[in-house]
Amino acid sequence: MAHIPYGRQDVTAADVAAVDAVLASDWLTQGPAVPRFEHAIAQACGVRHAVAVSSATAALHLACLALDLGPGDLLWTSPITFVASANAARYCGADVDFVDVDARSGNLSPAALRRKLEAARTTGRLPKIVVPVHLAGQSCDMVAIRALGREFGFRIIEDASHAIGGRFEDAPVGDCRYCDITVFSFHPVKIITSAEGGMAVTQDDALAARLTLLRSHGITREAAQMSRASDGPWYYEQATLGYNYRMTDLQAALGASQAQRLVAYVTRRTELAQRYDTLLESLPLERPWQDPRTQSAWHLYVVRVDAARRRAVFEALRVADIGVNVHYIPVHTQPYYREHLAARGVHCDCPEAERYYAECISLPMYATLRDADQDHVVHTLAVALAA
Ligand SMILES: *Cc1c(COP(=O)(O)O)cnc(C)c1O
């Protein structure tokens, strides 16, 4: 059997033609393909505004800035995530702390969040922003998290890097009914790709305007945003300190072309997840628990095995050329964050995150994974678990 990765992109002839057309056009950097891609994602999510940027990391950074996160402020997120969810706050000079995860889903736990908020209220160190991460494509319990946001006065950025095309309570992830801003990633391992790329979506007009300003140096050419009358057709103003976080038209054309297959991709991933659920039923492992209020986008299919055997099972799969992975090493245990927490005398109490990390293995999951390859993965896993 050929190498089977844990995730991979699917680039079609139509995608190549879409990118070719941009190369032959007048725009290479942000041009007409960017609003086309933004419109496609806004439509898919049922949201008013979508702002394309160079990566989800950039989108998280701008989302924090748009919500006025700065030095002295606190952002809380899940430790079972990619480091970028936390780094966004550090770029703004804010401090980061971590909330333990739910034992079953690995998503930020509303119960742990409440406990931590109540403790923080007594010390006056409440978070300004909480970033729930929809791990593996399954939405967090956003009803509970939003209720806590109202009670304790924090803003919410959903890190939906895994979850485009997923649903919660019968509505698409990204419609922002439970948050201020939702962020997506279009890195090649994610559900759809623009090579590098990300997007911030929001229902809030003012936040959308701020995100748009910040992604391109803080520069505006819109009369309504200017401090004084224009000097002429060349005139622009820098209203604030922004960045060059623009997406290129090449990336946006690829993303817009891929977005047409979003539903088909999530349908195939869901089918593969159901096949795994059936095929793995009798093996000594835990299959991914699903909250009945969610429909996952199935970015990852994560099984949990006895911690004492995880490494041997993982290595047996890798030896068989099956590209399993581990998502994630808890962010609070990374040397950078150990130091960041220790410098403030903060102890991160996240036993469920550490247990999750010790047990998890991400099996191959991508839209073009064939049934026969999946059968081979399951067979190899069964042999490894029996050893
Ligand atoms: C991939 C990912 C990111 C970062 O995405 P980029 O587009 O590569 O910057 C952030 N958060 C999570 C949870 C991710 O999986």
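User: How should I read a sheet here, and what is the strand order in the open sheet of 7 strands?

Analyst: As a general idea, strands of a sheet pair through backbone hydrogen bonds, and they do so either parallel or antiparallel. In this predicted model, the open sheet of 7 strands runs in the order β1-β9-β8-β5-β4-β2-β3, and its pairing is mixed. Strands β1 (49–53) and β3 (95–98) stand at the edges with a single partner strand each, so one side of each is left without a neighbour in the sheet. On average, neighbouring strands of this sheet are turned by 20° against each other, if direction is ignored.

User: In which sense do β4 and β5 pair, parallel or antiparallel?

Analyst: Strand β4 (residues 129–131) pairs with strand β5 (residues 155–159) in the parallel sense, over 2 bridges, and if you wish to find one of the partners in the structure, V130 has I156 of β5 as its bridge partner.

User: Which strands does helix α4 lie across, and which does helix α7 lie across?

Analyst: Helix α4 (residues 84–91) lies across β2 (74–77), β3 and β5, and runs at about 155° to β3. Helix α7 (residues 205–215) lies across β1, β5, β8 (181–185) and β9 (198–202), running at about 15° to β1.

User: What is the order of the open sheet formed by 3 strands?

Analyst: That sheet has the order β7-β6-β12, with antiparallel pairing, and its edge strands, β7 (171–172) and β12 (294–295), each pair on one side only. Strand β6 (residues 167–168) and β12 are joined over 2 bridges in the antiparallel sense, with T294 of β12 as the bridge partner of F168.

User: Turning to the ligand, how many residues surround it, and which are the closest?

Analyst: The ligand is surrounded by 15 residues, of which the closest are T57, D159, H162, S185 and K190. By class, this shell has 5 nonpolar, 8 polar and 2 charged residues, and α3 (56–66) and α4 each supply at least two residues to it.

User: Which distance separates a polar side-chain atom of T57 from an oxygen atom of the ligand, and how much of the ligand does the protein bury?

Analyst: For T57, a polar side-chain atom lies 2.5 Å from a ligand oxygen atom, while for K190 such a distance is 3.0 Å. In the side chain of Y328, an N or O atom is 3.2 Å from an oxygen atom of the ligand. Taken alone, the ligand exposes 380 Å², and the protein buries 93% of that.

Definitions and conventions:
Residues numbered from 1 in each chain as written. Predicted model: local features only at pLDDT ≥ 70, side-chain atom pairs only at ≥ 80, totals over all residues. Heavy atoms only, no water. Pairing = 2+ DSSP bridges. Helix = DSSP H or I, 4+ residues; strand = E, 2+ residues; numbered from the N terminus. Axes fitted to C-alpha atoms, helices over the stretch in contact; angles between N-to-C directions. Contact = heavy atoms within 4.5 Å. Near = heavy atom within 4 Å. Polar contact = N/O pair within 3.5 Å; in protein donor to acceptor, adjacent residues only side chain to side chain. Areas by Shrake-Rupley, 256 points an atom, 1.4 Å probe, with all protein chains shown as cover. Nonpolar A, V, L, I, M, F, W, Y, C, P; charged D, E, K, R; others polar.
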